[in-house]
Amino acid sequence: MSYNCVIIDSQVSSCLKLKTHLSDFSDFELNTIVHNHYDGMNMILKYLPDVVFINLTKDDAGDYFKMISELHQYIPKMPIFIGYSETKKYAYEAIKNGFFDYWLFPYTEFDVRKTIFKLRRQRPKEKVPSTICLKTYRDFHYLDTSEILYLQADNNATDFILIDGDKVSAFKTLKSFEETLPKNFIRIHQSYILNSEYVSRINYGKCICSLKNNPREIPFSKSYKSRIEELQALLSNNAIQHVN
């Protein structure tokens, strides 16, 4: 999950310092830097950032608190505000306005890192979609991914084989689905992607996988050996081991 950010800071050196610290975190993307509350308001409405950093050192700190109060009129979801200052003078007002954190100059990389880790812990994880939409012209077919046993390539089309025995065809290549399906779908062959939750057996001697609810044995190829080993490790980690 990434965080889009805006910095509002009238001091150039302070902006560069914070920008340098944020560059260490790949999930924080800086949209823009502005230098006053008027431009700050405009950029927040433009980018709808997740996080806004504000330097509250100057005497115009009160204007930033008014800006935050006014923002409630325009946007449905407020960004997370993080303030920093040379004094504790505005800390109480920042808390009243819902600031997530407050740093004192000279704040350090460690201060920034602690705030970011705390922020990551409190933000809910993104929900992985459980439904895939197969679209052909004006026909929209919705499949629950938990009901898909495997996918099979058919020239430039792909067949979805479901646990109830039904087959649904889509006019896209297998590769296009490999990149968008949930992580439990693993490609084991040029022509097959399996739902790992339904694999009941891996036979390395015959190079086949058996599936629950389906008598067909699905082949895997040597070129996908690393994927099979990942699959075998995944299944073994979730199983009670008994070796004959």
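Analyst: A charge sits over a ring if NZ of Lys or CZ of Arg is within 6 Å of the ring centre and within 35 degrees of the ring normal. The model is predicted. In it, the charged end of Lys17 sits over the ring of Tyr107, 4.1 Å from the ring centre. Lys118 is placed likewise over the ring of Phe100, with its charged end 5.2 Å from the centre.

User: What makes the pair of Tyr84 and Trp103 stacked?

Analyst: The ring centres are 6.0 Å apart and the planes stand at 25 degrees. Centres within 6.5 Å make a pair, and planes under 30 degrees apart count as stacked; therefore Tyr84 and Trp103 are a stacked pair. Both residues are buried.

User: Why is this pair said to tie together parts that are apart in sequence?

Analyst: Tyr84 belongs to strand 4 (residues 80-85) and Trp103 to strand 5 (residues 101-104), so the pair joins parts 19 residues apart in sequence. The two also belong to one aromatic cluster with Phe53, Phe105 and Tyr107. A search of the whole structure gives 13 aromatic pairs.

User: What kind of aromatic pair do Tyr150 and Tyr192 form?

Analyst: Tyr150 and Tyr192 form a tilted pair, 6.1 Å centre to centre with 55 degrees between the planes. Tyr150 is in strand 8 (residues 148-154) and Tyr192 in strand 12 (residues 192-195), 42 residues apart.

User: Why is Tyr150 called buried?

Analyst: The relative accessible area of Tyr150 is 3%. Buried means under 20%, so the label follows. Tyr192, at 7%, is buried as well.

User: Is Cys207 buried, exposed or partly exposed, and why?

Analyst: Cys207 has a relative accessible area of 25%.

User: Where in the chain is Cys207?

Analyst: Cys207 is in the loop between strand 13 (199-203) and strand 14 (208-211). Its phi is near 55 degrees, a positive value in a residue other than glycine.

Key
Residues numbered from 1 in each chain as written. Predicted model: local features only at pLDDT ≥ 70, side-chain atom pairs only at ≥ 80, totals over all residues. Heavy atoms only, no water. Buried < 20%, exposed > 50% of the residue type's maximum accessible area, 1.4 Å probe, protein only. Phe/Tyr/Trp six-rings, centres within 6.5 Å; stacked < 30°, edge-to-face > 60°. Helix = DSSP H or I, 4+ residues; strand = E, 2+ residues; numbered from the N terminus.
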